[in-house]
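Here are a few notes to read alongside the structure, for anyone meeting it for the first time. Have the viewer open and go through them point by point.

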Amino acid sequence: MSYAFGARRMESESLLIDSIGCRKPIYSREGLRLYDLFVDEEFPPVVETDGRLADVVGIIYGAFGQAPPRFNHTPIATSRVDHNGKLLVVFSGGLDSAYVVLKALDEGYDVTLLHFRGLNSYMEPNESVFSSMFAEKYGLAYMEYTVHKKGHSHWSENPFKNQMLLMSALDVCVERNIGNIALGSDYRTPISESTVGLDITDSLEVNEAILTAMEGLVEGLSFYHTYGTRMDRYSYIEDNHPEAMECIYSCVLPSRFLKTTRERNESKYGVSLLPTMCGSCMKCCMEWLMLHELGLVGDNREFEAHCWETVGKPPY
């Protein structure tokens, strides 16, 4: 494998990340190296990494039914941050990360957002547009890394994706002395209930292992956890920050179709949709049904039936 790391760029065999905002991407480099392990159907039999990261790698191998690798332990530097009121949030612009930010602001944290533009390429440019809009609305420091995928991955989602993001965020925490870090998920779904090749990166065991490793790599670092269902999160935002609703972006329709699809659905069903909702993709339909259940949108039996049909459940 070949890796290149410059003052403004990090590159591996499967990803290129530019516009980076730190001078010494020590942990970012290791995160990219481990991300590359999980691109092909068969994972490599030998892994070179710091021993503190061996558990998370081994758990992923096991989740995919692959034999544990042989580890060549190569230590990386241990750093330190102060215990303080600063929080770095790896921010996607969706409901979960928006909730994390708003909850933390209400608790008095000094929040910085780190957004990875292009990681979900089909959601661009809207995902990044609404992310920066959110940061501007609340006057938050905002950093944006640009991700370019190279080649083809066998899996729909790399099982080390979120962990790679957290490792990249570690460098920012160290350089800016930010004592707390968060990612918009509560990590409560066990591997046994996750789907191989799709959402292992969100699983309880993988995230417990990476958080333990990161605490060993950066002394003094704390993780900001939030819990609750998606409906709980919508309810909290509506009760405390209703102005944020127009900036929360979860639509999985290609960005170029968002506006025309939303307008078509509004005209067809006589429904008023948030500017971030298309009204056709499964994610937007699920979000609308949750808002309806909470009483945050009005009744519309025809559109409700359309949403239930889209998510695959009989409406009545």
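This is a predicted model: local features need pLDDT of at least 70, side-chain atom pairs count only at pLDDT 80 or more; totals for chains, interfaces and linings use all residues.

1. Asn177 isn't a glycine, yet its phi is positive, at about 50 degrees. Is Asn177 buried, exposed or partly exposed? Its relative accessible area is 24%, so it counts as partly exposed; the buried class covers values under 20%.

2. Now zoom out. The protein chain has 10 helices and 12 strands. Its radius of gyration is 20 Å, close to the 20 Å the globule rule gives for 316 residues, so the chain is as compact as a globular protein of that length.

3. How much of the chain is tucked away? Of the 316 residues, 52% count as buried. The accessible surface comes to about 14000 Å², and carbon and sulfur atoms hold 49% of that. As for contacts with a separation of 6 or more, 67% are between residues 24 or more positions apart.

4. Next, have a look at strand β4 (residues 46-49). One face, with Val47 and Thr49, is covered, while the other, with Val46 and Glu48, is uncovered. β4 pairs with strand β5 (residues 70-73) in the parallel sense, over four bridges. Val46 is the residue that stands opposite Arg70 in β5. To get from β4 to β5, the chain passes through helix α2 (residues 54-63), and this β-α-β crossover is right-handed.

5. Which residues of α6 are buried? They are Val206, Asn207, Ala209, Ile210, Leu211, Ala213, Met214 and Leu217. The helix itself covers residues 204-217, which makes 14 residues. From first C-alpha to last, α6 reaches 20 Å, close to the 20 Å expected at 1.5 Å a residue.

6. Last stop: Tyr145, which you'll find in strand β9 (residues 141-149). Its relative accessibility is 1%, so Tyr145 counts as buried, given that the cut-off is under 20%.

Notes
Residues are numbered from 1 along each chain as its sequence is written. Side-chain values use heavy atoms; hydrogens and water are left out. Buried means under 20% relative accessible area, exposed over 50%, partly exposed in between (1.4 Å probe, protein chains only). Helices (H or I, at least four residues) and strands (E, at least two) are DSSP runs, numbered from the N terminus. Two strands pair if DSSP finds at least two bridges between them. A crossover is right-handed if, with the strands pointing away from the viewer, the path from the first strand over the helix to the second runs clockwise. The expected span of a helix is 1.5 Å times one less than its number of residues. The radius of gyration is taken over C-alpha atoms; the globule rule is 2.2 Å times the number of residues to the power 0.38. Contact means heavy atoms within 4.5 Å. Accessible areas come from the Shrake-Rupley method with a 1.4 Å probe; for residues, only the protein chains shown count as cover.
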